[in-house]
Structure formats: C-alpha cells, structure tokens
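Visitor: Hi! Please walk me through this one, starting with the aromatic rings.

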Amino acid sequence: MEPKVGSGSAYLKVLMMILCTIRAVRAAVYTVGDSSGWSLSGDYGSWATDKTFAVGDTLVFNYSPGHTVDEVSENDYKSCTTGNSITSDSSGATSITLKTAGPHYFICGVPGHCTGGMKLSVSTTAAASSGGGSASPSSPGSTTTPSTGVRTPATGTITQPSSSTMLSPAVVANLLFSFCFIYIGRLLIFSGECN
C-alpha cells in the first residue's frame, strides 16, 4: 500500500510533539572567585565549598596581568610547585572546561602566589545530572560540607539546567534532519517522483 503524500502530516505532528518535550543539556559556567576574580585576595576553598562541579562545566578565571592559571598535579598543588604545569595560561581571561571526572588542581604559577592562596581544587562528577560531587578546599586543614547533589553556583555565575533526560541541540538537529530526510525520501519514492 502506497502512502499518500498528505498522510505524512501525522508523522510530522508526532515528531513536533517529541521535539517540544526535549530540552538541551547545558553545563554550568562558574566565574572563579565571582566578582573578586582570580587574585591574591581570594579564598577559593570557601568559594568552591558550596558548588558541585560536573564534566562539561566551565571554570572562568578573570585576572589582571602578572598572574597565571596553571593546571597541575595533586603533588604540585599541595607543595605549590611551579614549572610542571599540565596547562598554563596568562591571558587574563582563562576558560577551562572540565572534561574528565575526578580532581582538578589549579594554581597561579607566579612565585609566592600559590602559597599566598591562589590555588583551587575541584572534584568533578562524571555527568552533569549525577550530582554528588564536591569541591575540595584549597587551604590545608579545611573540611568540606558533604554535597547535597544540588548545584548551587554562587551569585554572579551563569547557570544552565542539566538533566539526564535532555539532549544537546546538535543531537536534536541531527534527529530532526534524519527524520526529515527519511520522511521526504519515503514520500518521493512512494509518490513515484523519484525513479
């Protein structure tokens, strides 16, 4: 039985209903130190304690000339050792997307700045929807309150919702394109317009 060209509107209606219920996964963006930025006067252990970081979230470091943002190993973080950075930037506006689960360590590579408090340790959860991760304090002897799994970025940060039932805009676009390609192809084949 050959479908009529107009019978595809039911498919289109179903697709539109599905697409209207799908929301995109978006990660959170955290401005390190909020309005104080990345500086010697920051308390990054306190700043991070009430936040839950997930893979895909972005840390934005804003700072004046004379500072760096270096991602380092745990040992270099603890000892404030410079020169062995995994990554380093001194642009004044460093954005780092957390790509892997687990701990991440950041220091200022300028001598004396790390020991002066310019260090941040965060623990990243595996997925944006899993929650339960926690930020590690940057000052020795501090403790972290267990996370409630609720992501509560500090004032001034930009947050976007995330959920395991959401799809990214690219996935939605790909699904829509695929559906339209298949739907239009079927219509052309069954209507006899495509040989």
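Guide: Happy to. Rings of Phe, Tyr and Trp (its six-membered ring) pair if their centres lie within 6.5 Å; planes under 30 degrees apart count as stacked, over 60 as edge-to-face and the rest as tilted. This is a predicted model, so local features need pLDDT of at least 70 and side-chain atom pairs pLDDT 80 or more, while totals for chains, interfaces and linings use all residues. Residues are numbered from 1 along each chain as its sequence is written, and side-chain values use heavy atoms, without hydrogens and water.

Visitor: How many aromatic pairs does the structure hold?

Guide: There are 6 aromatic pairs. Tyrosine 77 and tyrosine 105 form one of them, and this pair is tilted because the ring centres are 5.1 Å apart with the planes at 40 degrees.

Visitor: Which parts of the chain does that pair link?

Guide: Distant ones: tyrosine 77 is in helix α3, tyrosine 105 is in strand β7, and the two are 28 residues apart. Helices (H or I, at least four residues) and strands (E, at least two) are DSSP runs, numbered from the N terminus.

Visitor: Are tyrosine 77 and tyrosine 105 buried or exposed?

Guide: Tyrosine 77 and tyrosine 105 are both buried, where buried means under 20% relative accessible area, exposed over 50% and partly exposed in between (1.4 Å probe, protein chains only). Tyrosine 77 also has lysine 119 over its ring face, at 4.4 Å from the ring centre. For that label, NZ of Lys or CZ of Arg must be within 6 Å of the ring centre and within 35 degrees of the ring normal.

Visitor: Which other lysine lies over a ring face?

Guide: Lysine 51 does, over tryptophan 47, at 4.5 Å from the ring centre.

Visitor: And which residues do ring pairs link into a cluster?

Guide: Trp38, Tyr44, Phe61 and Phe106. Three of those names will come back when we get to the core.

Visitor: Let's go there now, then. Which residues touch the most other members of the largest nonpolar core?

Guide: Trp38, Leu59, Phe61, Phe106 and Leu120, out of 19 residues in that core. Two or more residues each come from α2 (44-49), β3 (58-62) and β8 (119-125), and α2 gives the largest share, 3 residues. A nonpolar core here is a set of buried Ala, Val, Leu, Ile, Met, Phe, Trp, Tyr and Cys residues joined through side-chain atoms within 4.5 Å.

Visitor: What does the second, separate core include?

Guide: That core has 6 residues, among them Val72, Tyr105, Ile107 and Cys114. So Tyr105, from the tilted ring pair, is one of its members.

Visitor: Changing topic: how many salt bridges does the structure hold?

Guide: It holds 2, counting a side-chain nitrogen of Lys or Arg within 4 Å of a carboxyl oxygen of Asp or Glu. One joins aspartate 50 and lysine 51, with the closest N and O atoms 2.9 Å apart. Aspartate 50 is partly exposed at 42% relative accessible area, whereas lysine 51 is buried at 2%.

Visitor: Which side chains meet in the other one?

Guide: Glutamate 74 and lysine 78, at 3.1 Å from N to O. They sit 4 residues apart in helix α3 (residues 74-79), so about one helical turn separates them. Glutamate 74 is partly exposed at 36%, and lysine 78 is exposed at 57%.

Visitor: Now the strands. Which residues of β4 are buried?

Guide: In strand β4 (residues 69-72), Val69 and Glu71 on one side and Asp70 and Val72 on the other are all buried, covering both faces. β4 pairs in the antiparallel sense with strand β5 (residues 87-89) over 3 bridges, and also antiparallel with strand β7 (residues 102-107), again over 3 bridges. Pairing requires at least two DSSP bridges between the strands.

Visitor: What does glutamate 71 stand opposite in β5?

Guide: Threonine 87. Over in β7, glutamate 71 stands opposite phenylalanine 106, and aspartate 70 stands opposite isoleucine 107.

Visitor: How many of the residues of β7 are buried?

Guide: 5 of 6, so β7 is mostly covered. β7 also pairs with β8 in the antiparallel sense over 6 bridges, with proline 103 opposite serine 123.

Visitor: Last one: what order does the open sheet of 3 strands have?

Guide: β1-β3-β6, with mixed pairing. The edge strands, β1 (29-31) and β6 (93-97), each pair on one side only. β1 and β3 run parallel over 3 bridges, and valine 29 stands opposite threonine 58 in β3.
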